[in-house]
Amino acid sequence: MAPLDRLDDWDDFVAELYPEPAEAGGKRREDYRDFDEPPRDTVREFYRLNHRGQTWNFVQRKKAEYLTLDRAELPAWEALEFLNTLVDDSDPDLDLSQLDHLLQTAEAIRADGQPDWFVLTGLLHDLGKVLCLWGEPQWAVVGDTFPVGCAFSDRVVYPELFAANADSTNPAYSTPLGVYEAGCGLDRVDLSWGHDEYLYQVLRDCLPEPALYMIRYHSFYACHREGAYSELMNDRDREMFEWVRSFNNYDLYSKSDRSPRATELRPYYEGLIDRYLPAKLNL
Ligand code: FE
Ligand code: FE
């Protein structure tokens with residue numbers, strides 16, 4: 001069995017790790033912070049594989065493999081329906097589908113009167129999880145992202161598990177800056193491989209810059225929540241990360257048990273898709 005029973009277990013884990021601030025009606029962060037005792041075995045096992053496997057070489061290999069973007073050519077809504085064929089092992093009646101999560105996120109953004117490209121970003125942000133449908137293991141699709149090619153921060157969850165990563169004993173990759181220059185900007189930094197970078201590359205010519213930042217860095221919790229790796233950022237990154245943090249609130253805190261009515265919502269979202277995206281996406 002895969003380490004996570006459901007792919008969403010990871011999202012649920014980060015939502016508990018970073019609960020909504022008390023003033024917004026959420027539980028206090030301290031109420032959750034003892035997440036590693038007792039350890040949740042499936043999540044820890046997931047991170048064991050992730051932290052061991054996400055090396056500099058692995059990331060270069062996956063970029064070469066997937067960024068040809070020649071696996072499928074699909075209209076965006078069909079791509080979302082394709083993603084939605086990703087069914088979890090456990091009771092499907094109790095779980096929200098991938099499309100439910102995307103629509104809930106987008107609807108929460110829309111309800112706040114945000115710009116239409118922001119709403120569209122909510123709808124699309126996890127589309128990169130189609131990597132799972134092409135046989136990628138969970139640890140190479142979801143989970144917190146972090147830079148490879150420089151020392152791992154202890155502000156990444158389960159930092160002790162990086163001991164099993166070959167890069168942590170490679171002198172070229174284990175100094176604070178590693179292969180990077182201070183302030184070089186995140187665009188020059190390779191993050192661990194997963195659904196964020198992949199979808200960014202798919203949509204990079206279609207959406208405004210803040211949207212691309214949201215997509216590319218939404219799982220980079222060590223940076224946008226914990227403030228790690230700021231030495232690699234430039235001023236543009238710092239400015240754009242306000243958008244990433246704003247997006248993160250919708251991603252984490254819009255979950256509800258009610259499935260949005262996809263058929264009713266579809267015409268509105270097809271309108272947004274037509275406004276920003278080509279007739280077909282190269283995946
Ligand atoms: Fe995501
Ligand atoms: Fe999400």
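**Briefing on a predicted model**

Phenylalanine 58 lies in helix H3, where helices (H or I, at least four residues) and strands (E, at least two) are DSSP runs numbered from the N terminus. The structure is a predicted model, in which local features need pLDDT of at least 70 and side-chain atom pairs count only at pLDDT 80 or more, while totals for chains, interfaces and linings use all residues. Residues are numbered from 1 along each chain as its sequence is written, and chains are lettered from A and ligands numbered from 1 in the order in which they are written.

**Surroundings of phenylalanine 58**

- Phenylalanine 58 counts as partly exposed because it has 18 C-beta neighbours inside 10 Å; a residue is buried if 20 or more other C-beta atoms lie within 10 Å of its own, exposed if 12 or fewer, and partly exposed in between, with C-beta atoms placed from the backbone.
- Not counting residues up to four places away in sequence, phenylalanine 58 touches Gly53 and Trp193, contact being defined as C-beta atoms, placed from the backbone, within 7 Å.
- Between phenylalanine 58 and glutamate 160 there are 102 residues in sequence and 20 Å in space, taken from C-alpha to C-alpha.

**The largest nonpolar core**

- The largest nonpolar core has 72 residues, among which Leu123 and Leu203 touch the most other members; such a core is a set of buried Ala, Val, Leu, Ile, Met, Phe, Trp, Tyr and Cys residues joined through C-beta atoms within 7 Å.
- Helix H8 (residues 209–217) contributes the largest share of this core, with six residues.
- Leucine 203 touches Leu124, Leu212 and Ile215, again leaving out residues up to four places away in sequence.

**Helix H10**

- Helix H10 (residues 235–253) has 19 residues and reaches 28 Å from its first C-alpha to its last, close to the 27 Å expected at 1.5 Å a residue, the expected span being 1.5 Å times one less than the number of residues.
- A kink of about 25° in H10 is centred on phenylalanine 241, the bend being the angle between axes fitted to the seven residues ending there and the seven starting there.
- The buried residues of H10 include Phe241, Trp243 and Phe247, and what covers the buried residues of this helix includes H1 (8–17), H5 (98–111), H6 (116–124), H8 and H9 (221–224).

**Positive phi in loops**

- Most residues other than glycine have a negative phi.
- Leucine 69, in the loop between H3 (56–66) and strand E1 (73–74), has a positive phi near 50°, and this residue counts as partly exposed because it has 13 C-beta neighbours inside 10 Å.
- Tyrosine 229, in the loop between H9 and H10, has a positive phi of about 65°, and tyrosine 229 counts as buried because it has 24 C-beta neighbours inside 10 Å.

Definitions and conventions. Two residues are in contact if their C-beta atoms, placed from the backbone, lie within 7 Å.
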